[in-house]
Amino acid sequence: VKMKYQASMICCLMFFLGIECSHYKSKVHIKDGDKLQHPEGKLKTGRIQEKCQGPCIMASNCSQPCAQHFRGEIGFTCHQNKWQKSTETCTSLSVETLFKDFSSASRLSLAASSVPVHVLDFRAPEPVESVAQGILRNCPIDYACILDVVKSSEATSGNIAFIVELLRNISTDLSDNVTQEKMKSYSEVANHILDTAAISNWAFIPDKNTSSDLLQSVNLFARQLRVHNESENLADELFIQAKGLRINHNTSEKKFNFSASMNSTTEGILGMIEIPRQELWKLSPNASQAISIAFPTLGAILEEVRSQNVSLPRPVNGLVLSVILPEGLKQVLFTFEKINKSRNARAQCVGWHSRKRRWDENACETTLEITNRVKCLCNYTNMVMSFSILMSPKSIDNKVLYYITCVGLSISILSLILCLIIEALVWSRVVVTEMSYLRHVCIVNIAVSLLIANVWFIINSNFHKKAQDSKWCVALTFFSHFFYLSLFFWMFFKALLIIYGILVVFRRMMKSRLMAIGFAVGYGCPLVIAGTTVAVTVPEKGYMRPDACWLNWDNTKALLAFAIPALVIVAVNLVVVLVVAVNTQRPSIGSSKSQDLAIIMRISKNVAILTPLLGLTWGFGVATLIEGTSLIFHIIFALLNAFQGFFILLFGTIMDHKIRDALRMRMSLLKGRTRVAENASLSPTNGSKLMNRRR
């Protein structure tokens, strides 16, 4: 069974439709005449997985039988011209198989050494009418007689549904005298179907209320337990924990602390339940008790049936905590640690309404939320006694933004390629002076950096879901970081050239030295920053964010290694534009305006156009980080970023009259050569030669 559990996810549905299934709806209070034999050990193969034969017509259904030793069937639905599994009722469990070993033992105990074997009566004993009858007959103290059979069974969808019905029968028929021993056995049975390996199979149970039935059954059974000590651990399984406290009206504030793991290898997710002092005052003088249960994987199980849910399109982002309190207590404080700790993963406190079988948004209110934890104040009632937090990302999921990004990046990439082609065509004609040479070196490197950065961005967006926590994801993040920084540092070098052209008139540096400084600033500084960020954060696993191949923010603030240099450079470029605007209005030094001043003017014009564009882009980017920002800011931010390559082509290349003149000359030369070639081919001399050859 392939595990599909995910800790962190974005916008999923988690409600259940009330689909009835006659195979599981009735209780297990039936005579079980099946002679199904349960193989030894835990089954590994399970069900037949072959798809249905024949044509797949939209919305049509079919079924296949289960494998040997299983009864039931697997249902398939035709979706997009392919058969996809929709339901499964394969089960190897029955009332008879639960108590089969005990029945065999009772028959063998009749034998005596003095009685010949052929005299013994091996007829089947009186059949077990129900689970309750079998438990009362074979293990009335602790339910241990059913543990081995349940825990050795494969967690198929059919077996999960059977075990949930089994637990519900125990909760309704055998909860009159619940002890710690019984609670421990009960929890072991529930733990088997709450395992992460079984999560994906919950989605194929026909009755979509099965997970809700499990939660309600566990709460009902635990309610009947009596806590004798001041504090007791009632159950301590990997996927279900239960604790009990003795309380009264004189008790100070009481707390339940849990640390439950999603599987055997991950660290525990924290959860805490607090009963406020003012609530405890409402209790009578007689001693009372409080019981709490923690479910680390139940939220993922609820998410598995999200396709049937039309209520809340968000996954659970923490433990599911149940609390059982005496009458009179109405409010409880919960503290949940987030599974997905992304900065954008906002939380909403909710309570599970057992009658409506859905999350109730009105049951709780959020009192405190930080990056990794949420505190909730919840109203406790008999109908709402289980609580959790839903993930509600604030990121904008808008089709307009999606299309702007896709179209803009495509146009930018084509524009940058065209920009580089044009620069190659006119290079020898436009780099006639030192300043023009350096200016075009900057334009080319800005175009190259942005082109590669955009390509990496597209790869990242399609790759991060498969590459998280991999070396490939580290490489993608590093190169994206490096080339985006290179873009800003080459823009910064352009600003330095402008200041150099204005302030330094008589003593000029050699072109080779300026080129060395340019490449050191444009590529050296980004390499140092990106390399240092990797070296510092990768050992702590804080380089990438959990939901994408990009710099982490929540844990190590690695994103600052990009944001701070970019914003500082944008600010410096804006200042340079102001300096240029002031200085170009003054008379130039010397008797006349030199050619260098004209070059500086042209460079200043281009920087004055490009730099505000960069400044506005990141200015609107800061605005989008503020909660409640209008969608128009997100649209402007997407437009300015996605079409940045087009702006470079337009303002840095096409609007430069020298480049346009060089292109015209290039085109005229090409046309001239073509005409010369045509005239040469049609000249009389060539014609006579051609006639002579024919002769």
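**A look at the core**

Analyst: Happy to. Of the 695 residues in the protein chain, 48% are buried, where buried means under 20% relative accessible area, exposed over 50% and partly exposed in between (1.4 Å probe, protein chains only). This is a predicted model, in which local features need pLDDT of at least 70 and side-chain atom pairs count only at pLDDT 80 or more, while totals for chains, interfaces and linings use all residues. Residues are numbered from 1 along each chain as its sequence is written, and side-chain values use heavy atoms, leaving out hydrogens and water.

The chain holds 20 helices and 17 strands; these are DSSP runs (helices H or I, at least four residues; strands E, at least two), numbered from the N terminus.

Now to the part you asked about. The largest nonpolar core has 95 residues, a core being a set of buried Ala, Val, Leu, Ile, Met, Phe, Trp, Tyr and Cys residues joined through side-chain atoms within 4.5 Å. Leu98, Ile135, Ile146, Ile170, Leu194, Phe295 and Phe334 have the most contacts inside this core. Helix 6 (residues 157-173) gives the most to it, with eight residues.

Leu98 shows the packing in detail: setting aside residues up to four places away in sequence, Leu98 touches Val131, Cys145, Ile146, Val149, Val150, Phe162 and Leu166, with contact meaning heavy atoms within 4.5 Å. A second, separate core has 51 residues, including Ile422, Val431, Phe489 and Met491.
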